[in-house]
Amino acid sequence: MSKRQEIEDRLREAFAPHMLEVVDDSESHRGHAGYPEGGESHFNVAIRTDQFKGMTRVARHRAIHAALGPQLISEIHALAIDADV
């Protein structure tokens with residue numbers, strides 16, 4: 001399973017979002033620090049879920065990191081997050 005799919009699966013399971021987009025943006029970082037051959041290192045996540053209601057931006061990001069887990073987070077060089085209700 002690709003990291004992109006794993007991110008999507010874990011976020012769907014944790015938050016039941018009404019909108020989720022996970023984009024592997026690794027190729028645009030080729031040659032930069034943190035880019036491993038084969039990619040799957042840089043991701044953009046846009047997520048909308050009612051579970052974020054009342055949470056600060058920092059709390060939303062922490063919840064996403066917790067849902068992804070330390071192992072998967074350690075395998076990702078960059079994770080851009082756009083999280084809202």
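## Strand 3 and its pairing

In this predicted model, arginine 48 has aspartate 84 of strand 3 as its bridge partner. Strand 3 covers residues 78-84 and pairs with strand 2 in the parallel sense, over seven bridges. Together with helix 2, strand 2 and strand 3 form a β-α-β unit that is right-handed.

## Strands 1 and 2

Strand 2 also pairs with strand 1: the two run antiparallel and are joined by six bridges. One of the pairs is aspartate 24 with phenylalanine 43, the latter in strand 2. Of the seven residues of strand 2, six are buried, so the strand is mostly covered.

Methionine 19 belongs to strand 1. Its relative accessibility is 31%, and it therefore counts as partly exposed. Methionine 19 is in contact with Ala46, Ile47 and Arg48, leaving aside residues up to four places away in sequence. The C-alpha atoms of methionine 19 and arginine 48 lie 5.0 Å apart, although 29 residues separate the two in sequence.

## Helix 1

Helix 1 has 13 residues, 3-15, and at 1.5 Å a residue it should span 18 Å; the C-alpha atoms at its ends are 18 Å apart, which agrees. The residue that follows helix 1, alanine 16, has a positive phi, near 45°.

Which residues of helix 1 are buried? They are Lys3, Ile7, Glu8, Leu11 and Phe15. Viewed down the helix axis, these buried residues fall within an arc of 140°, so they line one face of helix 1. They pack against strand 1 (19-24), strand 2 (42-48) and helix 2 (57-74).

Technical notes. Residues are numbered from 1 along each chain as its sequence is written. This is a predicted model: local features need pLDDT of at least 70, side-chain atom pairs count only at pLDDT 80 or more; totals for chains, interfaces and linings use all residues. Side-chain values use heavy atoms; hydrogens and water are left out. Helices (H or I, at least four residues) and strands (E, at least two) are DSSP runs, numbered from the N terminus. The expected span of a helix is 1.5 Å times one less than its number of residues. Buried means under 20% relative accessible area, exposed over 50%, partly exposed in between (1.4 Å probe, protein chains only). The arc is that of the directions from the helix axis to the C-beta atoms. Contact means heavy atoms within 4.5 Å. Two strands pair if DSSP finds at least two bridges between them. A crossover is right-handed if, with the strands pointing away from the viewer, the path from the first strand over the helix to the second runs clockwise.
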